[in-house]
Amino acid sequence: MIEIEFTVGEADCVAYANYHAAHSPSLRRTYGLLRFGFAGLWLAFALFELLVSHSLAVALIWLLLALGWIILLPKSLRRSRRRTMRRMYREGRNTSLFGNHILRVQADGLVHISANGEGKVRWSGIEKVASDGDYIFLYVTAVSAIVLPRGRVLRGDCDTFLAALRTHL
C-alpha cells in the first residue's frame, strides 16, 4: 500500500484553475474565439477604413487595437482568473479543500483522507492524471481534480506514488 501525505493551500487551487483553463479543449476554443474573433473584427474595421474612407491613421488605430488584443488578452485573462479564484475560495472556509490530505493507493481504488472525512474513488472513476512539473492533478471529473503539490509533500514520494497509481489506470 503506497501512501502520500501533503498539504493544499489557496495558491495550489488557483494553480489548478490555471492549468485546467490552459489545457481544457472547450476553454481553449472559447478563449481562441474571444481572442481572434474580436481581433478579426477590428482588422475588418481597419480594412474598411483603408478601402472606403482612405484613412490610414484610423486603419492603423484599428490594427494596433487588434494586435494589442491578441498579445495582451491571455495575460489579462490569467490575471483575472487568479483574482476571481482567490475571491471565490475566500467566500467559505473550504476545510475539506485546504489543509492536510492523505492519498492511499489500494487494490480497489484511491482513498482520500482530509480533516473532514474519508472517501474512496474506484480506479474507473479517475478520468485522467496530469502533471505540470510542480503539481499532479488527479481528475475525478472532467472539471475537478485532486491537487497534489509536489513541493508540499509531508510524507511519501510523488514519483513512487505516481508510479503505483499508474499501475491501476
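In what order do the strands of the open sheet run? The order is E4-E3-E2-E1-E8, with 5 strands and antiparallel pairing. The legends below take you through this sheet and the helices. This is a predicted model, where local features need pLDDT of at least 70, side-chain atom pairs count only at pLDDT 80 or more, and totals for chains, interfaces and linings use all residues. Residues are numbered from 1 along each chain as its sequence is written, and side-chain values use heavy atoms, leaving out hydrogens and water.

View 1. Strand E4 (117–122) and strand E8 (153–155) are the edge strands, each pairing on one side only. From one strand to the next, the twist averages 25°. Strands are DSSP runs (E, at least two residues) and helices are too (H or I, at least four), numbered from the N terminus; two strands pair if DSSP finds at least two bridges between them.

**View 2. Strand E1 beside E8.** Strand E1 (residues 2–8) pairs with E8 in the antiparallel sense over 2 bridges. Look for Phe6, whose bridge partner in E8 is Val153.

**View 3. Helix H4 on the sheet.** Helix H4 (residues 158–166) lies across E1, strand E2 (99–106), strand E3 (109–114) and E8. H4 runs at about 120° to E1; angles run from 0 to 180 degrees between N-to-C directions, with axes fitted to C-alpha atoms, for helices over the stretch in contact.

**View 4. Helices H1 and H2.** The axes of helix H1 (residues 10–23) and helix H2 (residues 25–53) come within 5 Å, crossing at roughly 75°. H1 and H2 are therefore roughly perpendicular (65 to 115 degrees) to each other. His20, Ala21, Ala22 and His23 of H1 meet Pro25, Leu27, Arg28 and Tyr31 of H2 in this contact (heavy atoms within 4.5 Å).

How values were computed
Parallel < 35°, antiparallel > 145°, perpendicular 65-115°, else oblique.
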